[in-house]
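Subject: Structure for you to look at

Hello,

Here is the structure I said I would pass on. Please open it first, then read the notes below.

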Amino acid sequence: MTDVKTHFSAVQRLLHWLMAIGILAMLFIGVAMVSTIGRQYVPLLIAHKTLGIAILVLALVRLLVRFVSGAPALPADLPEPMRLAAHLSHVGLYALMIGMPLIGWAMMSAAAYPIVLFGGFRLPPILPQSASLHTMLWSAHFYLAFAFFALVMVHLAAALFHGLVRRDGVLQTMLSGK
């Protein structure tokens, strides 16, 4: 007899909610950062870089935990287009949770800006200095942030749809272990 997984593990739920808070904070810090030239810019930039690297590390841990622990199955009566949308949205979320910090790191490296995090911890550059590469990466980081925000909103809407409209237990898999 096999044990059917009906909920995400406590570690998976903790990682999910920590990252949800971190990603939303990151989006708001990013908006505040690009809309100021005041003295708060540098602290916002340091917070943005530090949170970005934290999200990168947590996303990699989360991906490993998901690979090892698996995920609850979607409801059997979920239409195939919704299954595909769920799968593709999760792939997109993981790609952005990993890709956005890497693009930001690469962008800073290409501009030869130091990547200094809270506590003075420095990351090594991952690309050589290149003004044209910096410009391209800045644009990618900027526009992908909007895509990331949109995908987060779609994810939230889907969770609410499952919890309030379909009432199929999908939302509960991330809310509790029972």
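By about how much of the helix are Trp138 and Phe142 separated in H4? They are separated by about one helical turn, because they are four residues apart in helix H4, which covers residues 131-166. Keep in mind that this is a predicted model.

Aromatic rings

A pair of aromatic rings is described by the distance of the centres and the angle of the planes. The structure holds three such aromatic pairs. In one of them, Trp138 and Phe142 are stacked, at 5.0 Å centre to centre and with 10 degrees between the planes. Trp138 is partly exposed, with a relative accessible area of 40%. Phe142 also counts as partly exposed, at 27% relative accessibility.

Phe142 forms another aromatic pair with Tyr143. This pair is edge-to-face: the centres are 5.0 Å apart and the planes are at 90 degrees. Tyr143 is exposed, because its relative accessible area of 56% is over the 50% cut-off. Ring pairs link Trp138, Phe142, Tyr143 and Phe146 into a cluster.

Helices H2 and H3

Helix H2 covers residues 41-69 and helix H3 covers residues 80-110. The two pack at an angle of about 145 degrees, and their axes are 9 Å apart. Their crossing is left-handed. On the H2 side, the residues that make the contact include Ile55, Leu56, Ala59 and Arg62. On the H3 side, they include His90, Tyr94, Met97 and Trp105. Sorted by class, the contact has 13 nonpolar, two polar and three charged residues.

Nonpolar cores

The largest nonpolar core has 27 residues. Inside this core, Ile23, Met97 and Phe148 are the residues with the most contacts. Helices H1 (10-34), H2, H3 and H4 each give two or more residues to it. H3 gives the most, with twelve residues.

Which residues does Met97 touch, not counting those up to four places away in sequence? They are Met19, Ile23, Ile55, Leu56, Ala59, Arg62 and Phe148.

Regards

Notes: Residues are numbered from 1 along each chain as its sequence is written. This is a predicted model: local features need pLDDT of at least 70, side-chain atom pairs count only at pLDDT 80 or more; totals for chains, interfaces and linings use all residues. Side-chain values use heavy atoms; hydrogens and water are left out. Axes are lines fitted to C-alpha atoms, for helices over the stretch in contact, and angles run from 0 to 180 degrees between N-to-C directions. A crossing is left-handed if the near helix is turned anticlockwise from the far one by less than a right angle, and right-handed if clockwise. Contact means heavy atoms within 4.5 Å. Ala, Val, Leu, Ile, Met, Phe, Trp, Tyr, Cys and Pro count as nonpolar, Asp, Glu, Lys and Arg as charged, and the others, Gly among them, as polar. Rings of Phe, Tyr and Trp (its six-membered ring) pair if their centres lie within 6.5 Å; planes under 30 degrees apart count as stacked, over 60 as edge-to-face and the rest as tilted. Buried means under 20% relative accessible area, exposed over 50%, partly exposed in between (1.4 Å probe, protein chains only). A nonpolar core is a set of buried Ala, Val, Leu, Ile, Met, Phe, Trp, Tyr and Cys residues joined through side-chain atoms within 4.5 Å.
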